[in-house]
Amino acid sequence: MSETKSVGYWGSVWQKLKKDKLAMAALIIVLVLFGVAIFQNFLAGNKPIILKYQNEYYFPVLFRYNKFFGTDFKQLDINSTKGDFAIFPPVRFSPTENDLLSVLIPPSKEHLFGTDDRGRDVLSRMIHGARISLSIGFVAVGIAAIIGILLGGIAGYYGGSVDFIVSRLFEVMMTFPVFFLILTILAFRDPSIYNIMIVIGATSWTGIARLIRAQFLQLRQFDYVDAAVALGGNDWRVMMKHMLPNSLAPVLVDISFGISGAILVESGLSFLGFGVPPPEPSWGDILSQSQRYVDFAWWLVLFPGAAIFVTVTSFNLLGEGFRNAIDPKFLGSE
Amino acid sequence: MRDYIFKRLLLLIPTLFGITLITFFIIQLAPGNPVERKLQLDQGIQAEAITQQIVEETKKLYGLDKPIYVRYGIWLKQIVTLDFGRSYKDHRPVINKIAERIPITLTLNIISIILIYLIAIPIGVYSAVSHGRFSERISTFFLFILYSIPSFWMAMILIFFLGGGDYWDLFPVYGILSPGAENYPFFPKAINFLWHIALPVFCLTYGSLAYLSRFQKGSLLEVLREDFVRTATAKGLPRHKVILKHALRNALIPIITILAGILPAMIGGSVIIESIFSIPGIGQLGFESVLSRDYPVIMAIATISAVLTLFGILIADLIYVLVDPRISFEAKK
Amino acid sequence: MDNVLEIKDLRISFASDGKRVEVVGGISINVPKGKIIGVVGESGCGKTVTALSVMRLIPEPPGKIDSGEIIFDGADLLHYSDRDMRSIRGNRISMIFQEPISSLNPVFTVGNQIEEALSTHLNLSKQERKERVLELLTLVGIPAPQRRMHNYPHEMSGGMSQRVMIAMALACNPEVLIADEPTTALDVTIQAGILELINDLRVKMGMAVLLITHDLGIIAEVADEVYVMYAGKVVEHGYTADIFREPHHPYTVGLLNSVPGLQENKEMLNAIPGVVPSPDNFPDGCRFQDRCPLVIDKCRTDEPLLEQVGNAHTAACWRRAEVKKIEN
């Protein structure tokens with residue numbers, strides 16, 4: 001038999017994941033979404049990326065220039081000085097640009113995805129919505145993961161009565177209908193992007209917590225943990241250094257599904273009008289408008305819904321891929 | 001067995017207690033509580049969206065100006081006596097408003113759950129038995145897509161295509177009865193009702209259905225690997241009996257526990273669906289109350305939903321005990 | 001002596017990583033009526049696969065019976081339709097497995113499962129079935145059968161569950177019982193009881209037993225004849241007494257030497273050095289070559305076939321005449 005170099009645990013997980021074509025496709029989509037979110041101003045906006053005006057170079061997307069404060073770049077007369085040019089983002093509209101003369105236009109050459117009821121370009125709003133959705137997804141799940149790992153770890157590590165009390169807490173959190181709970185809290189505190197992140201994070205940690213608790217309970221019985229404790233490590237150190245790294249793999253699965261769940265929740269909240277406050281664009285918000293114009297404005301139904309769907313599906317597929325790559329029962333191609 | 005039930009009921013108490021605590025904590029977030037007032041005064045900020053009236057009423061209802069243990073006592077009393085105060089909107093007792101809406105939400109959810117189980121289990125069995133075949137891969141893929149469609153998007157798509165407008169007009173999208181239908185005799189009224197709830201029930205059902213059928217498939221596939229399945233075949237039993245009698249019976253057991261997980265999701269999911277389709281249920285009431293900051297109603301719904309879910313979980317656990325002889329053996333010990 | 005079951009030149013392969021590997025390479029086993037035939041060998045030698053193939057219980061992907069015959073009642077089982085096989089299984093040929101508790105369905109009572117064996121093949125009334133269940137439970141030595149038949153498998157001990165399995169297997173008076181490692185998962189103290197039971201029932205009911213095991217001790221106790229298997233091949237066959245007294249294959253000798261108690265006082269256990277080659281890596285020639293103390297060049301090129309070495313005693317080794325009980 002040929003010798004293969006050992007790639008370590010994560011290496012082998014990655015190798016198995018690579019074989020899963022759907023998961024790889026999902027990963028690519030996620031990376032593209034990331035790209036869109038990061039470079040949103042390069043993709044859609046009413047400021048040029050590069051501007052040569054009166055023989056000076058400017059980069060309005062990257063820097064703010066006092067000189068151009070309040071200017072509508074599109075009206076700028078760049079033909080006056082020879083050699084001037086402006087390179088605009090491919091979608092020349094900002095997400096917040098109202099144009100009451102172009103209200104509710106179906107997709108056309110100028111507005112590829114149509115406009116909404118305030119004349120705002122839908123494609124631009126969609127592109128800028130990516131950053132909102134992704135950042136809420138990641139931060140919320142990040143918060144949930146921290147809470148979940150902490151509580152689950154404490155329950156699993158100490159066991160006994162500590163475990164009993166913390167497990168009751170898990171149960172309590174699981175009995176609340178999460179979506180309504182989030183609405184409730186937001187009703188008391190008014191939605192803002194940060195509130196939403198915190199609230200989603202604070203209500204969706206139970207899955208991760210139970211996972212970590214189960215792992216820690218199991219690992220606790222292994223001798224190497226006792227050895228670490230006997231060698232004088234304090235509890236915290238033992239947990240972080242010895243137990244946590246071995247428990248992280250299944251948590252990755254939950255994190256992936258958690259992100260798709262968070263994005264779904266955020267879209268739902270925006271749909272109901274309880275999401276990120278205007279004028280920030282959110283996919284759910286665009287979809288929400290469609291309720292009023294559902295008879296004809298199919299573009300308000302299709303595009304934001306499809307974006308949410310694709311994003312959620314991609315993270316779900318990634319989660320599935322992780323799950324299959326980690327599960328020792330996974331047989332690979334037969 | 002009785003001991004087990006008793007022990008289980010005892011475990012409910014700390015959880016119920018926890019529910020009261022968490023809901024209490026949420027109330028403390030209400031604007032106008034003493035700490036926040038002080039902060040705002042110190043910084044000269046005024047709460048805009050909340051009128052002074054609401055602040056005052058909330059303070060009175062929950063005793064926010066009193067010491068914390070008194071506040072908690074007030075809240076506990078409200079829960080136990082089911083007296084959640086009066087709605088800010090129409091000053092009717094909260095409990096009445098909820099009581100008149102529960103039947104509708106419950107009906108929708110129960111119909112939905114029945115449909116889910118009736119459809120998902122056969123699909124799951126079929127998927128497991130035909131695992132790997134082309135037709136199975138297609139149906140699994142299709143179910144996965146279905147599962148990933150956000151419910152509000154699905155609702156909008158259904159309304160767009162089936163609810164009037166440019167395409168077909170097959171289903172109503174508003175309310176649970178056509179105007180005047182309250183006076184119909186029983187059967188036509190029932191049909192009219194079902195016609196109205198067709199789309200909302202579909203939206204409530206399709207996601208969980210897709211999820212459950214995948215779960216059932218996985219569960220059955222696992223059971224089919226067990227030793228006793230081989231024994232059943234070695235006894236000379238025909239394949240359909242091996243699968244449906246021996247394997248399925250075991251594979252159904254985890255499905256029941258899923259029921260406990262579906263319940264809270266249903267109550268929450270109702271909020272969106274009921275709002276879109278204007279169904280006069282608890283979900284719509286909850287949403288309207290959130291919009292108008294009708295705190296007494298909001299807190300009542302949150303608390304009652306949690307308690308109902310808790311009992312749902314308890315029932316699921318009990319069914320599990322009844323159905324799996326291994327567990328009841330443990331319980332008997 | 002009439003053979004009730006004849007396995008002829010059976011070849012079985014499995015798909016592994018896109019290739020087909022042969023796990024049983026042409027073996028022949030004859031089971032005479034009413035005798036206990038032992039098949040002994042290490043894990044992975046193909047003995048369990050052989051047993052499963054008689055019942056056609058090999059999962060057809062990834063496994064495949066490539067060639068050979070299994071003659072029972074004048075017909076080749078390998079050509080039987082699914083329906084015909086079903087009337088054989090649990091009825092004329094039965095099988096019991098290694099892990100008795102997990103081989104029984106946890107959600108049905110023990111009595112229920114035995115009764116199912118009856119209702120599948122026999123036409124008895126409900127009352128008759130119930131009586132037969134009690135009869136069977138008594139036959140296999142389970143006390144208080146009236147109570148026990150309402151027990152679930154996890155409520156019984158390993159030994160008792162195995163007796164239940166035996167009862168279930170014997171319900172329809174089969175002509176052959178295949179026992180795949182029936183005592184391996186049981187305590188040593190229980191093992192003897194089960195073996196004794198199998199032997200008694202064999203005599204009482206006149207059925208043949210194909211006993212699969214890795215334990216030579218069990219063979220010594222109850223088997224009339226022994227087939228020694230290694231890496232998918234039969235390397236030696238004969239009456240039990242002959243095999244133990246005068247083995248003619250180095251592997252058999254190695255097995256005998258490694259059993260504690262069958263040798264004189266030794267301080268160390270004698271293991272056979274090396275490991276069984278994996279099916280995708282069988283060497284040319286004799287498959288035992290890398291572990292054999294008597295290996296010569298010929299062994300590496302020509303595969304030895306079973307040749308007569310005594311009365312009804314065959315061995316597959318080029319140096320079979322020189323094989324003695326090797327002292328280490």
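Let's start with a helix on a sheet. Helix α6 of chain C, residues 158-170, lies across β6 and β7 of chain C. α6(C) runs at about 170 degrees to β6(C). Keep in mind that this is a predicted model.

Now the sheet itself. In chain C, 8 strands form an open sheet. Read the order with me: β6-β7-β8-β3-β9-β10-β12-β11. The pairing is mixed. Which strands are the edge strands? They are β6 and β11 of chain C, the latter at 307-310. Each of these two pairs on one side only. Neighbouring strands in this sheet are turned by 20 degrees against each other on average, direction ignored.

Let's zoom in on β6(C). This strand covers residues 93-96 of chain C. Which way do its residues point? C:I93 and C:M95 point one way. C:S94 and C:I96 point the other way.

Next, the partner of β6(C). Strand β7 of chain C, residues 176-180, pairs with β6(C) in the parallel sense, over 4 bridges. Opposite C:I93 stands C:V176 in β7(C).

Here is another pair from chain C. Strand β3, residues 36-40, and strand β9, residues 225-230, pair in the parallel sense. There are 4 bridges between them. Look for C:V40: its bridge partner in β9(C) is C:V228.

On to two helices of chain C. Helix α3 is residues 110-121, and helix α4 is residues 126-139. They pack at an angle of about 115 degrees. Their axes are 9 Å apart. The crossing of α3(C) and α4(C) is right-handed. Who meets whom? From α3(C) come C:G111, C:I114, C:E115, C:L118 and C:S119. From α4(C) come C:R129, C:R132, C:V133 and C:L136. The residues of this contact divide into 4 nonpolar, 2 polar and 3 charged.

Last stop: chains A and B. How many residues does the contact take from each? Chain B gives 39 residues, and chain A gives 37 residues. On the side of chain B that touches chain A, several helices supply at least two residues each: α1 (2-27), α7 (151-162), α10 (239-277), α11 (282-291) and α12 (295-323). Which gives the most? That is α12(B), with 8 residues. By class, this side of chain B has 27 nonpolar, 10 polar and 2 charged residues.

That's the tour. Thanks.

Notes
Residues are numbered from 1 along each chain as its sequence is written. Chains are lettered from A and ligands numbered from 1 in the order in which they are written. This is a predicted model: local features need pLDDT of at least 70, side-chain atom pairs count only at pLDDT 80 or more; totals for chains, interfaces and linings use all residues. Two residues are in contact if their C-beta atoms, placed from the backbone, lie within 7 Å. Ala, Val, Leu, Ile, Met, Phe, Trp, Tyr, Cys and Pro count as nonpolar, Asp, Glu, Lys and Arg as charged, and the others, Gly among them, as polar. A residue is buried if 20 or more other C-beta atoms lie within 10 Å of its own, exposed if 12 or fewer, and partly exposed in between; C-beta atoms are placed from the backbone. Two strands pair if DSSP finds at least two bridges between them. Axes are lines fitted to C-alpha atoms, for helices over the stretch in contact, and angles run from 0 to 180 degrees between N-to-C directions. A crossing is left-handed if the near helix is turned anticlockwise from the far one by less than a right angle, and right-handed if clockwise.
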